Amino acid sequence: MDNKDRHLLDLLQQDARQPLDRLADAVSLSVPAVQRRIKKLRDTRVIKREVAEVDAEALNVPMTFIIFVELERDQGEQIDAFRRKAMADDLVQQCYYVTGEGDFVLISVARDMNDFEAMTRRLFFNDPNIRGFRTSIAMGKSFRSLAVPARYMNSDNYE
């Protein structure tokens, strides 16, 4: 991976729908060269997928929750079972297996507190392997991104 690939990744993370000619101008390459590079980034799974970022409030889902989950037993089978259950719930946006306080951190959205309570019942109350959970409600979104700085990538990650 060279600096042009890194620059291309940064540009695509800002807006994956940019026209190829604009990307080509920005990285000083031809359109076919940019197409080949993007194809390689996809083929090597550096670019895993391209999705639409939706405004949750526009869809009447204005609440965001940060949930710390502690399992009763943290053996491989129980960890995998909870991970699968969390990933299958449509209100869970992100799921992290973590060290420190708790075993998982979930980022979740909900329409209102009733919606959130229904999710907690699905995920936590009926699961004998859940020791407990703590929730923080986001008061606002100062910054949100899933971008990864491409400057840290090297050719070992890519070829």
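**Helix packing and nonpolar cores**

The axes of H1 and H2 come within 10 Å and cross at roughly 135 degrees. Angles of 65 to 115 degrees count as roughly perpendicular and those over 145 as roughly antiparallel, so H1 is oblique to H2. The crossing of H1 past H2 is right-handed. On the H1 side, Lys4, His7, Leu8, Leu11 and Leu12 take part, and they meet Leu23, Ala26 and Val27 of H2. Sorted by class, this contact has six nonpolar, one polar and one charged residues. The model described here is predicted.

Helix H1 spans residues 3-14, and helix H2 spans 20-27. Arg17 sits in the loop between the two. Its relative accessibility is 77%. Exposed means over 50%, so Arg17 counts as exposed. Arg17 lies 15 residues from Asp2 in sequence. In space, the C-alpha atoms of Arg17 and Asp2 are 22 Å apart.

Helix H2 also packs against helix H3, which covers residues 31-43. Here the angle is about 95 degrees, and the axes are 9 Å apart. This angle falls between 65 and 115 degrees, so H2 is roughly perpendicular to H3. Leu20, Asp21, Leu23, Ala24 and Val27 of H2 meet Val31, Val34, Gln35 and Ile38 of H3. The contact has seven nonpolar, one polar and one charged residues.

Attention now turns to the cores. In soluble globular proteins, nonpolar side chains tend to be buried together. The largest nonpolar core in this model has 18 residues. Those with the most contacts inside this core are Ile67, Val69, Leu71, Phe82, Leu106, Met119 and Phe124. A second, separate core has 14 residues, including Leu9, Ala24, Ile47 and Ala150.

Leu71 illustrates the surroundings of a residue in the largest core. Leaving aside residues up to four places away in sequence, Leu71 touches Gln78, Ile79, Phe82, Asp103, Phe104, Asn129, Ile130 and Arg131. Among these partners, Phe82 is itself listed with the most contacts inside the core.

Thr120 lies in helix H5. Its relative accessibility is 3%. Buried means under 20%, so Thr120 counts as buried. Beyond four places in sequence, Thr120 touches Phe125 and Phe133.

Conventions:
Residues numbered from 1 in each chain as written. Predicted model: local features only at pLDDT ≥ 70, side-chain atom pairs only at ≥ 80, totals over all residues. Heavy atoms only, no water. Core = buried A, V, L, I, M, F, W, Y, C linked by side-chain atoms within 4.5 Å. Buried < 20%, exposed > 50% of the residue type's maximum accessible area, 1.4 Å probe, protein only. Contact = heavy atoms within 4.5 Å. Helix = DSSP H or I, 4+ residues; strand = E, 2+ residues; numbered from the N terminus. Axes fitted to C-alpha atoms, helices over the stretch in contact; angles between N-to-C directions. Parallel < 35°, antiparallel > 145°, perpendicular 65-115°, else oblique. Left-handed = near helix turned anticlockwise from the far one by under 90°. Nonpolar A, V, L, I, M, F, W, Y, C, P; charged D, E, K, R; others polar.
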